[in-house]
Amino acid sequence: MLKFTTLFTYNNYFIKIYFFKERYFIKRYYIADPHFGHEGVIRMNNRPFSSVDEMDRVLIDNWNSVVQPDYEVYIIGDFMFRSRQTPLYYLDQLRGRKHLVLGNHERWTDQVNLPDYFESVSQIKEITDMDHHLVLCHYPLAEWPRYFRGSMHIFGHIHNTRTSPAFQFYLTQPNMLNAGVDINHFIPVTLPQLIGNNRAFRQLEDEW
């Protein structure tokens with residue numbers, strides 16, 4: 001871990017203080033496919049909600065229970081779909097400095113001045129978190145930048161499906177991390193939590 005130091009004495013004691021680079025203090029969260037406002041996703045992905053209003057409320061409450069205003073949140077596609085609410089209804093309630101990685105259900109973006117609500121908007125994004133190089137894209141990729149050097153790929157799109165070819169490929173790639181809410185307990189997660197949840201999801205497949 002990179003750090004800077006300063007040295008001084010106090011009451012004849014030699015004191016060393018460490019100042020860690022700012023990037024290590026930035027807390028980052030990841031979430032994909034919340035599908036705010038989408039009633040159909042409850043049935044399609046067997047979500048444990050009785051109504052779209054309940055789903056929206058749980059997703060918002062869960063989000064704000066872990067995300068503080070200065071935390072960064074990477075939304076990896078399909079933020080909302082077919083909602084009766086406006087995009088601002090959700091965006092104004094959700095904490096954090098938001099980054100949007102575009103998915104296939106983003107028509108709502110036409111209704112928003114995106115720079116007012118997002119730090120960045122992209123189709124694919126490369127970042128570093130906890131010394132790991134990460135490639136964020138809504139769609140699961142067969143290879144991604146620095147694939148052969150241990151880079152991790154965070155994606156969404158396939159939800160919790162177990163029947164698609166993409167899911168079968170995912171099972172063979174330990175550095176692929178599904179950020180979909182359906183396998184991450186409907187809450188934004190940190191990188192260690194994301195790794196742990198994906199490990200558990202893969203183990204469930206082994207038990208089937």
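Phe36, Phe79, Tyr89, Tyr90, Trp108 and Phe118 form one aromatic cluster, in a structure that holds 15 aromatic pairs and 6 salt bridges. This is a predicted model, in which local features need pLDDT of at least 70 and side-chain atom pairs count only at pLDDT 80 or more, while totals for chains, interfaces and linings use all residues. Residues are numbered from 1 along each chain as its sequence is written, and side-chain values use heavy atoms, with hydrogens and water left out. Helices (DSSP runs of H or I, at least four residues) and strands (runs of E, at least two) are numbered from the N terminus.

**Aromatic pairs**

- Rings of Phe, Tyr and Trp (its six-membered ring) pair if their centres lie within 6.5 Å, and planes under 30 degrees apart count as stacked, over 60 as edge-to-face and the rest as tilted.
- Tyr89 and Tyr90 form an edge-to-face pair, with 5.0 Å from centre to centre and 85 degrees between the planes.
- Tyr90 is buried, with a relative accessible area of 0%, whereas Tyr89, at 32% relative accessibility, counts as partly exposed; here buried means under 20% relative accessible area, exposed over 50%, and partly exposed in between (1.4 Å probe, protein chains only).
- Tyr170 and Phe201 form a tilted pair, 6.5 Å centre to centre with 45 degrees between the planes, and this pair links distant parts of the chain, since Tyr170 lies in helix α4 (residues 165–171) and Phe201 in helix α5, 31 residues apart.
- Tyr170 is buried at a relative accessible area of 0%, and Phe201, at 8%, counts as buried.
- Arg202 lies over the face of Tyr170, at 4.0 Å from the ring centre; a charge sits over a ring if NZ of Lys or CZ of Arg is within 6 Å of the ring centre and within 35 degrees of the ring normal.

**Salt bridges**

- Side chains of opposite charge can pair when their charged atoms come close, and a salt bridge is counted when a side-chain nitrogen of Lys or Arg is within 4 Å of a carboxyl oxygen of Asp or Glu.
- Arg47 and Asp182 meet in a salt bridge with an N to O distance of 2.8 Å, which joins the loop between α1 (40–44) and α2 (52–66) to the loop between β10 (176–178) and α5 (191–207), across 135 residues.
- Arg47 is buried, and so is Asp182.
- Arg97 and Glu72 form a salt bridge at 3.6 Å, N to O, linking strand β5 (residues 97–101) with strand β4 (residues 72–76).
- Arg97 also forms a salt bridge with Glu119, where the closest N and O atoms are 3.8 Å apart, and Glu119 belongs to strand β6 (residues 118–122).
- Glu72 is buried, with a relative accessible area of 7%, while Arg97 at 32% and Glu119 at 47% count as partly exposed.
- Arg28, Glu72, Arg97 and Glu119 are linked in a network of salt bridges.

**Nonpolar cores**

- A nonpolar core is a set of buried Ala, Val, Leu, Ile, Met, Phe, Trp, Tyr and Cys residues joined through side-chain atoms within 4.5 Å.
- The largest such core has 27 residues, of which Phe36, Ile75, Phe79 and Trp108 touch the most other members.
- The elements giving two or more residues to this core are β3 (28–31), α1, α2, β4 and α3 (87–91), and α2 gives the most, with 5 residues.
- A second, separate core of 16 residues includes Tyr74, Ile127, Leu134 and Ile154.
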